[in-house]
Every structure is written in C-alpha cells, then in structure tokens.
Amino acid sequence: MKVPTTAPESDSSRSCPCGSALGYAHCCAIYHLGEAAAPTPEALMRSRYSAFALGGLGAYLLATWDPRTRDPALTEAQLDVQDSHWLGLEIIEAQAHGAQGMVEFKARFRPVTAAALAAPQVLHERSRFRRHRGLWRYLDGIIDPPADGAPVSRNAPCPCGSGKKAKRCCLR
C-alpha cells in the first residue's frame, strides 16, 4: 500500500479527528503511516474520516478504496484537497461478517466555500467494506440510507448490500 512517509501533526498530544479519544499518533496515524492495517471496517472508516479531516492523505484514501469500485479518473491530488472542515464523526452501527463489512455513520462538516457562520451539514452514509488478502477496503456507500427498524425477511436481499440473501449473510 502506498502511504505517505509522514502523517500530518502526528504528535501524541493531538486528539485523533476520528473521535476515539486517543491521541492521533496512537490511533489513525498508525494506519496512515502504514505501520498497521485497519483490523475492522470501523477502524478503516475512522482512519478514512481522519484522512479527509487532516487533508494531504490522498494516497492513503486511494490505497484503502477497492480499485473495482473507485472511479479510475480519481487522483491522489484531488483527494488531497480539503474542501470541507470536518467537525465530528458519529458511528451509528458497524458490523463485519466474514469478508463483508458495513459501517453507518454521520459526519458533521462545514464546506470551505461556505461562510464561517454557515450551519454545519451532515453526511449520513452506510458504507460497505470488503476484506481481500487480509486487508479491509472501502467499496461504496449509500448516502442518506433509509431508516432501519423494519424486520428483514430471511429471503430478502441483505441490507448490508452484499447482494446475498439476508439468511446467508448478516442474519447468520
């Protein structure tokens, strides 16, 4: 995995943007620097959020995005640009079943182009992840996913988006 040789502001006194309550150097920086691979879809989601929040980690964002679902025209330079001030991450649900994973989250942000007094916005997404050769990768996500709560039929498509029937996936 191509990663930067240094992570932004990696001193241990700085809080990690992912909201884990750990210092950045002991949290997402270890993934950004390639010292470890994210062990769960949630850890990968948090590290990707931190990469967006810190900026300048486009190489990491590309390396952790499954190449089969990533737009081939997307470049590291495009992902390096900070077009938003990220204000906080809330994990709503995270699960992993075998090589499939899902993380639903809300990320608060303020677009850079908006005035400083503009109200924060919320990105609500249900992201899918896949583990391949021991490494989790971001696949894709549904923005503003429909509210869960209704029971899932065993024979219905799994709500995680795997394409399998629920009984053969998350209802196991």
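## Cysteines without a bond

Search the whole structure and you find zero disulfides, a disulfide being a pair of cysteine sulfur atoms within 2.5 Å. Keep in mind that this is a predicted model, in which local features need pLDDT of at least 70, side-chain atom pairs count only at pLDDT 80 or more, and totals for chains, interfaces and linings use all residues. Residues are numbered from 1 along each chain as its sequence is written, and side-chain values use heavy atoms, with hydrogens and water left out.

So what about C18 and C27? The sulfur of C18 has its closest cysteine sulfur in C27, 3.6 Å away, and that is too far for a bond. C18 is buried at 0% relative accessibility. Here, buried means under 20% relative accessible area, exposed means over 50%, and partly exposed is in between (1.4 Å probe, protein chains only). C27 is buried too, at 10%.

Side chains of opposite charge can pair when their charged atoms come close. This structure holds five salt bridges, each one a side-chain nitrogen of Lys or Arg within 4 Å of a carboxyl oxygen of Asp or Glu.

One of its partners is R68, with the closest N and O atoms 3.2 Å apart. R68 itself is exposed, at 61%. D66 also has a salt bridge with R130, and there the closest N and O atoms are 3.4 Å apart. R130 sits in strand β3 (residues 121–132), while D66 is in the loop between α3 (58–63) and α4 (76–80), so this pair ties together parts that are 64 residues apart in sequence. As for those labels, helices (H or I, at least four residues) and strands (E, at least two) are DSSP runs, numbered from the N terminus.

## A bridge between two strands

Which residue does D140 form a salt bridge with? The partner is R128, and the closest N and O atoms are 2.7 Å apart. D140 belongs to strand β4 (residues 135–143) and R128 to strand β3, so the pair ties together parts that are 12 residues apart in sequence. D140 is partly exposed, at 29% relative accessibility.

Rings of Phe, Tyr and Trp (its six-membered ring) pair if their centres lie within 6.5 Å; planes under 30 degrees apart count as stacked, over 60 as edge-to-face and the rest as tilted. With ring centres 5.1 Å apart and planes at 40°, W86 and F109 make a tilted pair. W86 is in strand β1 (residues 84–97) and F109 in strand β2 (residues 100–111), so the pair ties together parts that are 23 residues apart in sequence. W86 is partly exposed at 22% relative accessibility, whereas F109 is buried at 13%.

Then there are F129 and Y138, whose rings have their centres 5.8 Å apart and their planes at 70°, so this pair is edge-to-face. Both F129 and Y138 are buried. Ring pairs also link Y49, F52, W86 and F109 into a cluster.

## The largest nonpolar core

A nonpolar core is a set of buried Ala, Val, Leu, Ile, Met, Phe, Trp, Tyr and Cys residues joined through side-chain atoms within 4.5 Å. The largest one here has 28 residues, and the members touching the most others are Y24 and F129. Elements giving two or more residues to this core are α1 (29–32), α2 (41–54), α3, β2 and β4. Which element provides the largest share? That would be α2, with seven residues.

## Two pairs across the chain

A59 lies in helix α3 and is buried, with a relative accessible area of 9%. Along the sequence, A59 and T75 are 16 residues apart; in space, the C-alpha to C-alpha distance is 8.6 Å.

Now look at L33, found in the loop between α1 and α2. L33 is partly exposed, at 23% relative accessible area. L33 and Y60 are 27 residues apart along the chain, and their C-alpha atoms are separated by 8.6 Å.
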